[in-house]
Amino acid sequence: NAASLGSFTSANLAGALTDETGSGSAVFATSPTLTSPTLTSPIIAGTPSGVGVLTSSSVQSLTTTAVNFTSIPSWAKRITVNYIGLSTNGTAPPLIQLGYGATTYLTSGYVGATDMFQTTPSVSLISAGINLNGSVSQAAEVYQGCLTLTLMGTASWVGVLLGSSTGTARLCFTSSTIDVPSTLTAIRFYINGTQVFDSGSANIMYE
């Protein structure tokens with residue numbers, strides 16, 4: 001204890017040792033902050049979160065005109081969007097749109113193309129968002145798929161989506177880019193403001 005050992009700083013202790021490694025202050029078990037450590041074969045317990053760790057949001061039901069995933073952290077460089085059982089009540093194409101600030105969603109400026117592979121392929125350019133079912137949409141058809149968004153530089157997001165329909169054997173591929181005016185903070189599933197999603201669920205993960 002201090003009465004018998006005296007009082008000294010982390011620097012004093014480091015100066016007295018001859019086999020220490022690293023630098024800085026002494027670290028204890030509860031809530032330490034480590035800067036640039038090298039860990040060999042670490043074992044991570046619990047539910048990790050933060051930069052460099054794949055973090056999952058909460059699954060949401062697709063039962064309205066738009067479903068929003070907000071509060072995406074500023075450090076996110078790659079985002080994975082998953083959806084299953086997605087269905088709509090009309091023929092307008094369901095989209096994924098990116099948002100920034102608190103919160104403005106981009107409804108134009110998407111560059112790329114989408115294709116629904118079937119007996120007769122149907123290819124079209126995109127603009128208003130990332131298409132989830134190519135240029136062919138059917139009411140009550142069920143879709144599932146995965147979109148991967150990767151940040152290139154400071155503003156450009158590159159997206160690759162692969163999806164399919166359940167009732168009819170069709171495979172959708174969409175490749176896209178979009179420049180976001182500031183840090184991306186949100187992603188939404190959107191149709192046209194009138195038609196609605198009538199089934200399905202979705203989630204995002206970011207790292």
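A: In this predicted model, Thr-185 has a relative accessible area of 18%. Thr-185 counts as buried because that value is under the 20% cut-off. The residue belongs to strand S13, which covers residues 184–190. Setting aside neighbours within four places in sequence, Thr-185 is in contact with Phe-69, Thr-70, Ser-71, Ile-72, Gly-99, Tyr-100, Gly-101 and Thr-103.

Two of these partners can be followed further. Ser-71 is part of the loop between strand S3 (66–69) and strand S4 (78–88). Its relative accessibility is 62%, and Ser-71 therefore counts as exposed, whereas Thr-185 is buried. The backbone of Ser-71 has a positive phi of about 60°, although Ser-71 is not a glycine.

Thr-103, another contact of Thr-185, sits in the loop that runs between strand S5 (95–100) and strand S6 (104–105). The peptide bond between Ala-102 and Thr-103 is cis, with omega at about -15°.

A positive phi is also found at Ser-36, near 50°, and this residue too is not a glycine. Ser-36 is in the loop between helix H2 (10–16) and strand S1 (55–56). With a relative accessible area of 69%, Ser-36 is exposed. Ser-36 and Asn-203 are separated by 167 residues in sequence, and their C-alpha atoms are 31 Å apart.

Strand S12 (residues 170–179) contains Asp-179. Asp-179 is exposed, since its relative accessible area of 51% is over the 50% cut-off. Apart from neighbours within four places in sequence, its contacts are Leu-106, Ala-155 and Ser-156. With Ser-156 there is a polar contact between side chains, at 2.4 Å. From Asp-179 to Phe-189 is 10 residues along the chain, and the C-alpha atoms of the two are 18 Å apart.

Thr-114 gives another case of a buried threonine, with a relative accessible area of 1%. Its place is in strand S7 (residues 111–117). The side chain of Thr-114 reaches the backbone nitrogen of Gly-134 at a distance of 3.5 Å.

These parts belong to a chain with 2 helices and 14 strands. The radius of gyration of the chain is 24 Å, while the globule rule gives 17 Å for 207 residues; the value is well over the rule, so the chain is more spread out than a compact globule. Along the principal axes, the C-alpha trace spans about 85 × 30 × 30 Å.

Among contacts with a separation of 6 or more, 70% are between residues 24 or more positions apart. Buried residues, of which Thr-185 is one, make up 34% of the 207 residues. The chain exposes about 11600 Å², and carbon and sulfur atoms supply 56% of that area. As for charge, there are 4 positive and 7 negative side chains, and the centres of the two sets are 10 Å apart.

To return to the part in question, Thr-185 is a buried residue in strand S13. Its contacts include Ser-71 and Thr-103. Of these, Ser-71 is an exposed loop residue, and Thr-103 is joined to Ala-102 by a cis peptide bond.

Technical notes: Residues numbered from 1 in each chain as written. Predicted model: local features only at pLDDT ≥ 70, side-chain atom pairs only at ≥ 80, totals over all residues. Heavy atoms only, no water. Helix = DSSP H or I, 4+ residues; strand = E, 2+ residues; numbered from the N terminus. Buried < 20%, exposed > 50% of the residue type's maximum accessible area, 1.4 Å probe, protein only. Contact = heavy atoms within 4.5 Å. Polar contact = N/O pair within 3.5 Å; in protein donor to acceptor, adjacent residues only side chain to side chain. Rg over C-alpha atoms; globule rule 2.2 N^0.38 Å. Areas by Shrake-Rupley, 256 points an atom, 1.4 Å probe, with all protein chains shown as cover. Lys, Arg positive; Asp, Glu negative; His and termini not counted. Charge placed at Lys NZ, Arg CZ, Asp CG, Glu CD.
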